[in-house]
Amino acid sequence: MSMKNKIKNFFYLEEEDEEVQQPVSQPPVKQQEQPVKSRTKKERKVEQETPFNVVSIQSANSLKNSKVVIVEPRVYAEAQDIAEHLKNKRAIIVNLQRIDREQGVRIIDFLSGTVYALAGDIQRIGTDIFLCTPENVEVSGEISNYLYDDI
């Protein structure tokens, strides 16, 4: 036995054909053939290309675990906590009625940047009340501006 064969045997580089056995496959069972209705080529192609209704487990769980968080910050430092909710894909309603205007503007500026970075959306839904949504939440409809035109 040559040195090359010894190394191959030591590292199991040679395939061992005797130990590997292929399972015996059963011939396919023929089903009763149903008469084929005449279809156009286009219908057959669409039928073949149509995927099954498959939903990933993660998307199903995210729909089940969707939450809306309502926050009423008292200081600017709470803006980071609000941004964490957005990062965790939760919609947030921010009520700024109990905070002075300057800090409220700073919070909205911070949240606007966060929403932009996460490809979400921010909308004013009332006087000093804002809705911040991540990208997985779609908001339809619009609140008219006559409620807060004077602001």
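The charged end of Arg106 sits over the ring of Tyr76, 4.0 Å from the ring centre. Here "over a ring" requires NZ of Lys or CZ of Arg within 6 Å of the ring centre and within 35 degrees of the ring normal. This is a predicted model: local features need pLDDT of at least 70, side-chain atom pairs count only at pLDDT 80 or more, and totals for chains, interfaces and linings use all residues. Residues are numbered from 1 along each chain as its sequence is written, and side-chain values use heavy atoms, with hydrogens and water left out.

**The aromatic pair**

The structure holds 1 aromatic pair. The ring centres of Tyr76 and Phe110 are 6.3 Å apart and the planes meet at 80°, so the pair is edge-to-face. For Phe, Tyr and Trp (its six-membered ring), pairing needs centres within 6.5 Å; planes under 30 degrees apart are stacked, over 60 edge-to-face, and the rest tilted. The pair links distant parts of the chain, 34 residues apart. Tyr76 lies in the loop between β1 (68-71) and α4 (79-87), while Phe110 belongs to helix α5 (residues 101-117). Helices (H or I, at least four residues) and strands (E, at least two) are DSSP runs, numbered from the N terminus.

Accessibility is classed as buried under 20% relative accessible area, exposed over 50%, and partly exposed in between (1.4 Å probe, protein chains only).

| Residue | Relative accessibility | Class |
|---|---|---|
| Tyr76 | 27% | partly exposed |
| Phe110 | 31% | partly exposed |
| Thr133 | 4% | buried |

**The sheet**

An open sheet of 4 strands has the order β1-β2-β4-β3, with mixed pairing. Two strands pair if DSSP finds at least two bridges between them. β1 and β3 (121-126) stand at the edges with a single partner strand each, so one side of each has no neighbour in the sheet. From one strand to the next, the twist averages 20°. β1 and β2 (residues 91-95) run parallel and are joined by 4 bridges. Val69 has Ile92 in β2 as its bridge partner.

**Helices on the sheet**

α4 lies across β1, β2 and β4, at about 155° to β2. α5 also packs on the sheet, touching β2, β3 and β4, and its direction makes about 140° with that of β3. Axes are lines fitted to C-alpha atoms, for helices over the stretch in contact; angles run from 0 to 180 degrees between N-to-C directions.

**Thr133**

Thr133 is found in strand β4 (residues 129-133). Leaving aside residues up to four places away in sequence, Thr133 touches Leu86, Ala91, Val115, Gly120, Asp121 and Val139. Contact means heavy atoms within 4.5 Å.
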